[in-house]
Amino acid sequence: MESFNPSDLWNLCLAEAEKRLEATEFEAWLKDSTYEDINGTRLVIRFRNSFVAGHVKSRFGEMLDDIIRNLSGTSELALQFVGDPADPGPSGTERIVSGTSSSSSDSTFLRSNYTFKHFVVGPSNQLAHAGALAVSRDIGSTNYNPLFVYGGVGLGKTHLIQAIAHYLRQEGSKRTFKYLSTEFLVATFIKSVLQSDFTRFNRLFHDIDYLLIDDIQFLKGKVETQEAFFHRFNELHQHGKQIVLTSDRPPHELQDLPERLISRFQSGLVADIKPPEYETRLAILHLLVRDEELEVSQDVLDFIASSIRKNVRQLSGVIHRLAAMSRLTGCSIDMDLAQKEIRSSLGTITRRLTPGNITSIVAESFDVSPSQLKGRQRKHSVLIPRQVSMSLIRELTSMSLTEIGSFFSGRDHSTVLNSIDRIAELKEKTPDLERKIAEIRRKLISI
Ligand code: ADP
Ligand code: MG
């Protein structure tokens, strides 16, 4: 049985809040909060100081209340935000801040700009976009059921699935839908089990034309929810209702989900979103700049588009921070400011991904030791993971071939280059290896 306690509840609430907020906002205010206690019907949440607690209450209080109400299924639960008394924060006064629940029980929360109009289409996301648009326009008569969109973090999956919801919400559209996160689905299921009453869970699927579920990979490990979902999925599907799912990986890599569920996921259109190409990145930057009503020269946009390559969320993070900086200080966004900002935002990523920790995670996955990988042995079982390490270091850090060579006991750059080519070749021929590398990459990106 999946368990459900106040601390889990807060963590679920945070996971949901993370989706609704800009990454930078989430990190600045909510990320290091902790559940402290339950005090009657109040969930006490501690922040690093009372200034932060107060800010969270006024900026995000209503949203957090709303999430907690939905997750807990009761409007009696309230949140109370407190700061660490040892650190009263910049204001110098200790304030205990509490929040209570108010109106609204709509679990559908959409970011206002996650629309089709605000989605830049390029080769990296063309199929997923076309699929999303097709199912929005046309219910039931498409073969795209379910539509399964997958891709790495920050590439636009949530944006796209919410765009469908926005489309369906347009005036004149008589079609009904539910948009929910997988965490919400799981939490609702658990509550139903605890209360021995499945009305709430069943209502999620009742009387809708579209079911939109974000981040379906979080069904992992939730065996009972999987089972219940499987049946609901089939019913909807048989009745010609459209289902859209997003995931951070393709269906066949959702290990631990039952085969029959995976094959259902594969039975419609499976579309991936890849990291955007340069032109698409540039187009996205133009859109962001226009939205923020900023003036930024082509040079600077060029520079940003060539520096940040793997993640659209980072692109928008940079623009939002630059916008804030220029508004706060009145300075213009020039190359100097952009360079500083990029350096600091890339710094936080590369600090975590060092050749050392990449090598040790590869070593662990292949069951060899990091020192073997750095050593001279040429037997297959060591050579392959060594070459995998080199190619991942090349991909995930800014190290040059020569630097990578010297990390591996002074090998030269051509050895590194050969290794990278060899792995690229092997990956083509051996799906198992490709899967394994994808798995390692995911692990690395999440540290
Ligand atoms: P994911 O759910 O895949 O992790 P999101 O949908 O949250 O990613 O996207 C991250 C950010 O990047 C959001 O602010 C989103 O609006 C933006 N974004 C992603 N792809 C695009 C795109 N093609 N055009 C415009 N904005 C995009
Ligand atoms: Mg998402």
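Guide: Before we start, a residue counts as near a molecule or strand if one of its heavy atoms lies within 4 Å of it. This is a predicted model, where local features need pLDDT of at least 70, side-chain atom pairs count only at pLDDT 80 or more, and totals for chains, interfaces and linings use all residues. Residues are numbered from 1 along each chain as its sequence is written, chains are lettered from A and ligands numbered from 1 in the order in which they are written, and side-chain values use heavy atoms, with hydrogens and water left out.

Visitor: Thanks! Which residues come nearest to ligand 1?

Guide: G154, K157, T158, H159 and R313 do, out of 17 residues around ligand 1. By type, the shell has 7 nonpolar, 8 polar and 2 charged residues. Here Ala, Val, Leu, Ile, Met, Phe, Trp, Tyr, Cys and Pro count as nonpolar, Asp, Glu, Lys and Arg as charged, and the others, Gly among them, as polar.

Visitor: And which helices each supply at least two residues of that shell?

Guide: α5 (157–169) and α12 (312–329). Helices are DSSP runs (H or I, at least four residues), numbered from the N terminus.

Visitor: Which domains give it at least three residues each?

Guide: Domain 2 (96–273) and domain 3 (278–347); the bounds come from an automatic or database domain assignment.

Visitor: What side-chain atom does R313 bring to ligand 1?

Guide: An N or O atom of the R313 side chain is 2.8 Å from a ligand oxygen. For V120, a polar backbone atom lies 2.8 Å from a nitrogen of ligand 1. The protein covers 92% of the 560 Å² of accessible area that ligand 1 has on its own (Shrake-Rupley method, 1.4 Å probe).

Visitor: Switching topic: how many salt bridges are there?

Guide: 17, taking a side-chain nitrogen of Lys or Arg within 4 Å of a carboxyl oxygen of Asp or Glu. One of them joins R20 and D66, with N and O 3.9 Å apart. R20 sits in helix α1 and D66 in helix α3 (residues 50–72), so the pair ties together parts 46 residues apart in sequence.

Visitor: Is R20 buried or exposed?

Guide: Buried, because its relative accessibility is 9%. D66 is buried as well, at 8%. Buried means under 20% relative accessible area, exposed over 50%, and partly exposed in between (1.4 Å probe, protein chains only).

Visitor: Which other residue does D66 form a salt bridge with?

Guide: R69, with the closest N and O atoms 3.3 Å apart. Salt bridges with shared partners join E16, R20, D66 and R69 into one network.

Note on methods: Polar contact = N/O pair within 3.5 Å; in protein donor to acceptor, adjacent residues only side chain to side chain.
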